Amino acid sequence: MDQPLNVFVTVVEKRNFSRAAEELHMTQPAVSQYIKNLEDSLGIKLLERSNRSVELNKAGEIVYHHAKELLNLYSKMNYLLDDLTNRASGKITIGASYTYGEYVLPHVIAKIRHNYPLITPSITIGNSTEIGDLVYSHQLDVGIIEGDYPARDMKVDDFTEDEMVIVAAPSHVQVENGSMLANEMWIVREAGSGTREATEKMWKQLEITPANTMAFGSTQLIKESVEAGIGISFLSRWTIRKELELGSLVVLTIPDFTYTRTFSILMRSPFQTKVLELFLEHIHDHHIH
């Protein structure tokens with residue numbers, strides 16, 4: 001049922017008929033025939049062919065986008081049918097925002113792989129907005145995000161809290177109140193990230209308007225920059241555990257100020273595969289202190 005679409009997607013991603021044939025363990029004429037049959041059945045040309053590669057035309061872009069969704073749904077259907085026999089095996093596509101994905105998720109995956117070696121997770125890390133959009137378009141089975149995301153018709157389950165703190169190099173002078181931080185260089189994450197959203201809420205809470213900001217797309221880069229004394233930042237305690245132990249970063253404490261945010265699980269499909277169920281169980285059982 002999904003073979004013509006699978007062949008089409010492979011040709012697009014390999015940008016070449018012979019490489020697609022190799023990937024699919026098929027002959028090149030067979031691949032060409034599948035593409036021709038698909039174009040004939042849709043009544044429109046999808047690919048522009050040149051000597052060395054193939055490119056999508058406008059119709060091809062539309063079909064490629066929807067083919068990816070359909071193939072994911074078809075795989076999900078097969079896993080659900082497999083689950084009737086109660087086998088805990090198969091793929092799961094997981095998306096996570098940077099904080100959770102880089103600092104907590106590896107520990108969860110390690111435990112799942114230890115208990116259920118036939119489960120093969122595929123992980124996408126992005127900012128909260130990107131992950132939410134991929135779950136919405138059926139390209140991910142489940143997403144873990146921080147901050148607010150317009151749920152549309154998705155299931156949103158708040159499952160754990162995360163404390164955010166202001167961090168600085170050890171040489172930084174401790175502050176007596178939040179207003180002293182307005183003139184600091186703030187190193188922040190890019191727009192669309194949950195950490196950036198939390199940072200902006202924290203500024204409002206402390207009633208400060210930072211004079212200087214630098215935006216980086218990586219928490220690791222932010223930590224290195226703060227350690228180097230370039231500026232200060234607002235980060236999850238999860239992301240700085242090692243640095244606090246080593247003493248390479250310190251927390252700037254402000255009287256009567258604390259900030260916590262919620263991590264949420266996003267799902268689009270009303271059905272849960274056995275693999276997804278097991279993943280959710282492990283997520284809820286795994287607490288990082």
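Author: Let's begin with helix α2 (residues 17-24) and helix α3 (residues 28-42), whose axes come within 8 Å and cross at roughly 105°. Axes here are lines fitted to C-alpha atoms, for helices over the stretch in contact, and angles run from 0 to 180 degrees between N-to-C directions. Helices are DSSP runs of H or I with at least four residues, strands are E runs of at least two, and both are numbered from the N terminus. That angle makes α2 roughly perpendicular to α3 (65 to 115 degrees; under 35 is roughly parallel, over 145 roughly antiparallel, and the rest oblique).

A quick word on the source: this is a predicted model, where local features need pLDDT of at least 70, side-chain atom pairs count only at pLDDT 80 or more, and totals for chains, interfaces and linings use all residues. Residues are numbered from 1 along each chain as its sequence is written, and side-chain values use heavy atoms, with hydrogens and water left out.

Now, who touches whom? On the α2 side you'll find F17, S18, A21 and L24, meeting Q28, V31, S32 and I35 of α3; contact means heavy atoms within 4.5 Å. Sorted by class, the contact of α2 with α3 has 5 nonpolar, 3 polar and no charged residues. For that sorting, Ala, Val, Leu, Ile, Met, Phe, Trp, Tyr, Cys and Pro count as nonpolar, Asp, Glu, Lys and Arg as charged, and the others, Gly among them, as polar.

Next comes helix α1 (residues 3-14), which packs with α2 at about 125°, their axes 8 Å apart. α1 and α2 are therefore oblique to each other. From α1, the residues in the contact are N6, V7, T10, V11 and K14, and from α2 they are F17, R19, A20, E23 and L24. This contact of α1 with α2 divides into 5 nonpolar, 2 polar and 3 charged residues.

Two of the residues above, F17 and L24, turn up in α2's contact with α3 and also in its contact with α1.

Elsewhere, the largest nonpolar core has 23 residues, and Y100, L105, V142, I144, F279 and I283 touch the most other members. A nonpolar core is a set of buried Ala, Val, Leu, Ile, Met, Phe, Trp, Tyr and Cys residues joined through side-chain atoms within 4.5 Å, with buried meaning under 20% relative accessible area (1.4 Å probe, protein chains only). α11 gives the most to this core, with 6 residues. A second, separate core of 20 residues includes V12, A21, L38 and L71.

Methods:
Buried < 20%, exposed > 50% of the residue type's maximum accessible area, 1.4 Å probe, protein only.
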